[in-house]
Every structure is written in C-alpha cells, then in structure tokens.
Amino acid sequence: MASFIARHRASALIGAGAAVFALLGTGAVVAGASTTSTREPTALRVQATQSQPPTLPPTRPAPAAASAASRLRTCSVAGLAADPRLANFQAQVLNATTGEVLFDRGGSTPSRTASVLKVLTSAAALGVLGPDYRATTTVVAGSEPGSVVLVGGGDLTLSRTPTGDESVYTGAAHLDDLAAKTIAAWQADPAHPPITRLVLDSSYFGDPGWDPSWNRKELGDGYMPEITALQVDGDRDSPGRGTSARSSDPIGRAGQAFADALGGNVEISRGTATAGATELASVRSQPVSSLIKQALLVSDNALAEMLARLVAVKSGAGNTFGALQKSTLAGLAPYGIDTAGILIADGSGLSDNNAVPPSYLTKLFVKISAREGNLGVIFDGLPVAGGDSGSLSYSDRFTGDNAVADGSVFAKTGWIDTGYTLAGVIHAADGTPLTFAVYALGDVGDNAKQAIDTITAGFYRCGDNLSNT
C-alpha cells in the first residue's frame with residue numbers, strides 16, 4: 001500500500017512539472033512573436049505616451065471645516081413674544097461682542113420703524129455733515145435800494161424768543177441778534193437809505209414742505225411742521241413747548257418776526273437773493289452733535305427732518321423729500337452694513353412708507369455701542385430706561401417688574417398710528433452687551449409700549465443665555 005502511494009505522488013509531481021513547462025513554453029512563444037514584429041521608433045512611443053496621459057481617479061472633495069457649535073441657551077422669552085399687544089411682532093437681539101444672533105422673529109424683513117428711523121437719519125448726518133456742522137441763516141443786501149433779503153439756511157431751530165431766553169431748542173440762534181447785526185452793518189454805510197423792504201428766501205429746501213404720506217392732523221396736534229429752510233422755533237405756536245400746534249405758513253411767521261425785530265414798517269415779500277449779494281449778517285445753529293442729541297432724546301420730528309434735508313443738500317442728491325432715499329443710504333454706506341431693502345421716505349419716521357429690517361438696526365447699534373467714528377454722539381443722545389429725561393423717562397415706561405432694567409436700556413422709542421418700536425443697547429444682567437430692535441405693528445394700542453418694555457426686560461434678564469425658542 002505504501003508503495004502504491006509513493007508511486008502516485010511521484011506521478012503527480014511529474015504531471016505538475018509538465019504543466020509548468022507547458023506554460024513557460026507558451027510564454028516563450030508569445031515572447032518570440034513579439035520580438036519578431038515591427039517595433040515603433042522610441043520617439044513615437046514617447047510622443048504617444050505624452051499625448052495620452054494616464055487617467056487619474058477623480059479628486060475627492062475635502063470635508064468642510066466643521067462650524068463651531070452654538071452653546072445651548074435655556075432662557076426663553078417665547079411667552080412674552082406671544083403677547084397679543086405686540087400685534088405683528090418683529091424683533092432681533094444680538095450679542096454685541098460676538099455678533100451672534102440670540103433671538104430672531106422676522107428680523108430680516110424691512111418694515112416701518114416709526115421714530116426709530118431717527119437713528120439712521122442721525123448716523124447719515126454724522127457721516128455727511130460731521131458733528132461740527134452748523135446751519136447758517138444770513139441777511140444780504142437786496143437788489144433794490146432799502147431792501148434786505150433774509151436767507152434761510154435750513155435752521156429750523158432759529159428762535160424768535162429774545163436773546164437770553166431759551167426756546168425748546170437749547171442754545172438756538174435768535175432772530176433779534178440777527179436783526180441787530182443787520183442794522184449795525186446797514187447803518188455802517190451812510191449811503192444806505194432806511195430799510196423799507198424785506199425779501200424772504202427759503203429756496204434752500206424745495207417744495208413740498210409736507211410729505212403726502214403724513215397725516216395732516218400731525219400739524220395741528222403739534223408733532224410736525226411744514227419743512228421749510230426758513231422758519232423759527234420749529235414753527236411752534238409756543239416756542240417753549242415741545243408739543244405745540246404749527247402754522248400753515250412757517251416762512252411768513254419767520255418773516256414777520258424778523259420784520260418786527262428790524263423795527264417794523266417793513267414791506268415783506270418772497271423771492272431769492274441775488275448771486276454774489278453782499279452779506280450783512282449771519283447766525284448759526286447748534287452743531288449737528290447737539291441737534292442729534294436733542295432730536296433723539298425727545299424724538300423731535302422737526303430736527304430730524306432738518307438733518308435729513310441738510311444731508312440731501314450737502315451730498316448733492318437734491319433738496320426735496322424725493323432725494324432722501326439716495327442721500328440717506330449714501331450717508332450710511334461708510335458704516336459697511338448692507339442697506340438692501342431699506343426705504344427712506346422722510347427723516348423722522350412719521351411715514352408708513354419707511355422700511356428698515358430689525359437686523360439692520362441691531363448691526364448699526366453694535367457700532368454705536370462701540371462708539372465707532374462719531375457714532376458715540378448717537379449713544380449719548382439715547383433715552384435711558386428710568387432716566388431723568390427723554391422718552392423712556394415717562395411714567396408709563398419700564399414700570400413695575402420691568403423697572404429691573406432701569407439704567408440698563410439705552411434705546412430710541414418710536415410711535416405712529418400703525419406701530420410702536422424700540423431699538424438700542426441693553427447692558428444685560430449677566431454683563432453681556434446686547435443690541436436689539438422690537439417692532440409691534442398693525443392694529444396696536446397704547447399698551448403696546450408696556451408689552452415692548454416687558455420683552456425688553458426679558459432680554460435684559462436672559463443676557464447671553466437668551467434662547468431663540
């Protein structure tokens with residue numbers, strides 16, 4: 001048996017060797033056939049290789065860098081945001097240090113802002129006019145003997161109150177001072193006859209003086225004058241009262257006051273000064289920095305429209321309401337925040353046609369809070385919750401539990417018939433600086449202010465732990 005197995009193994013080994021030999025022989029035949037064929041020259045083979053590079057596998061895309069995960073925030077104001085007093089509610093809150101959006105409800109949708117628009121007007125004025133610019137009212141010699149021309153330079157704060165008395169506009173220039181200077185300059189030339197004619201030139205601002213989107217009752221209610229380059233005391237019936245009825249002819253009111261200061265018995269007419277006319281006297285307004293603070297603190301519409309129109313003229317966009325879209329956005333451009341979707345109908349925010357997204361305001365207030373450029377002027381003019389003066393010091397703002405945020409909310413208020421707004425800076429309870437904008441639009445009542453204060457106090461309490469849910 002063993003002998004049989006041995007012989008079988010030997011046969012298997014011989015068979016395997018024969019198979020290997022056969023394979024090697026076949027390879028030799030193939031190799032021989034190759035060597036007997038006609039070969040390409042080396043240069044042609046190289047060229048063919050170069051013209052047909054090897055196909056490489058496609059490059060696999062590198063994985064994107066993982067974004068940092070946001071921290072889990074647990075302080076919710078969802079219940080406060082659902083308050084029906086807020087009507088059509090929009091809001092956004094940013095961490096002013098990191099720029100992170102902590103809370104957002106329609107924050108990218110442009111909507112009417114009410115008087116919060118004055119913040120944009122002020123920022124544009126600082127960019128175009130600068131904080132030191134002053135509006136100048138001048139008197140020049142008329143083209144006829146005995147005539148002088150009172151030329152309005154856009155100073156709506158010019159006052160008919162006696163020098164030494166203050167109007168609602170602290171530090172305003174006075175007409176009696178301008179008249180005294182005019183008389184002195186006129187009498188210095190013995191060839192001048194007595195002043196018998198006064199021409200009123202209000203051409204620095206174009207018509208109309210009243211925007212069609214404004215409710216005319218604002219004139220009688222005392223919140224807005226006609227916007228003319230020549231007027232006194234914001235055209236108030238009572239120069240010392242913030243809310244006071246306005247007239248239908250601010251130019252005529254200013255002209256009569258100046259004629260009286262000249263001594264009376266002066267014929268008054270309308271016209272324009274001759275180019276190159278001799279200047280007799282001038283007075284200047286407070287600087288833009290002071291005007292902005294007054295405009296923001298008590299939400300003065302006349303001052304805001306004055307600033308907006310001066311920006312339009314100085315920027316070369318024009319001198320009418322129609323120029324404000326172009327001039328205001330141009331004034332905001334240097335701040336580097338996207339203005340897409342913003343619509344500017346006026347400077348005060350009274351028009352329903354204005355549209356600004358809350359997200360623009362939160363970004364702008366980051367720069368205001370940091371006092372970038374001249375924007376610290378705006379922060380210094382903002383009303384403060386629980387403050388001694390301004391539109392957040394009133395008895396119906398930040399009361400009760402909302403008083404927890406007193407001294408920590410610096411914000412511009414807004415109110416028109418179709419909405420209430422508030423936007424600014426919060427120094428939150430945990431020390432986080434926040435910027436925010438809240439709109440309550442639509443069918444709203446006066447109690448919308450308290451709902452806005454309540455959610456703002458909620459932002460204050462939450463600080464950086466504010467949840468978006």
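The side chain of Gln90 makes a polar contact with the side chain of Ser111, at 2.6 Å. For a polar contact, a pair of N or O atoms lies within 3.5 Å; within protein, one must be able to donate a hydrogen and the other to accept it, and residues adjacent in sequence count only if both atoms are side-chain atoms. This is a predicted model, where local features need pLDDT of at least 70, side-chain atom pairs count only at pLDDT 80 or more, and totals for chains, interfaces and linings use all residues. Residues are numbered from 1 along each chain as its sequence is written, and side-chain values use heavy atoms, with hydrogens and water left out.

**Around Gln90**

- You'll find Gln90 in strand S1, residues 88-95; strands (E, at least two residues) and helices (H or I, at least four) are DSSP runs, numbered from the N terminus.
- The Gln90 side chain also reaches the backbone oxygen of Thr109, at 3.0 Å.
- Gln90 has 10% relative accessibility, so it counts as buried (buried is under 20% relative accessible area, exposed over 50%, partly exposed in between, with a 1.4 Å probe and protein chains only).

**The disulfide**

- There's one disulfide in the structure, meaning a pair of cysteine sulfur atoms within 2.5 Å.
- Its partners are Cys75 and Cys462, with their sulfur atoms 1.9 Å apart.
- The pair ties together distant parts of the chain, 387 residues apart: Cys75 sits in the loop between helix H2 (42-51) and helix H3 (78-81), and Cys462 in helix H13.
- The torsion about the S-S bond of Cys75 and Cys462 is about -65°, so this disulfide is left-handed.
- Cys75 is partly exposed because its relative accessibility is 22%, while Cys462, at 6%, counts as buried.

**The largest pocket**

- The largest pocket has a volume of about 960 Å³. On a 1 Å grid over the protein atoms alone, a pocket is an open set of points where a 1.4 Å probe fits, with protein on both sides within 12 Å along at least five of seven lines; the volume is the space filled by probe spheres set on the points.
- Its lining has 42 residues, with Ser115, Tyr223, Val298, Ser299 and Trp415 nearest the centre; lining residues have an atom within 4 Å of a point.
- Among the elements giving two or more residues to this lining are helix H6 (217-221), strand S8 (409-416) and helix H13 (448-462).
- S8 gives the most, with four residues.
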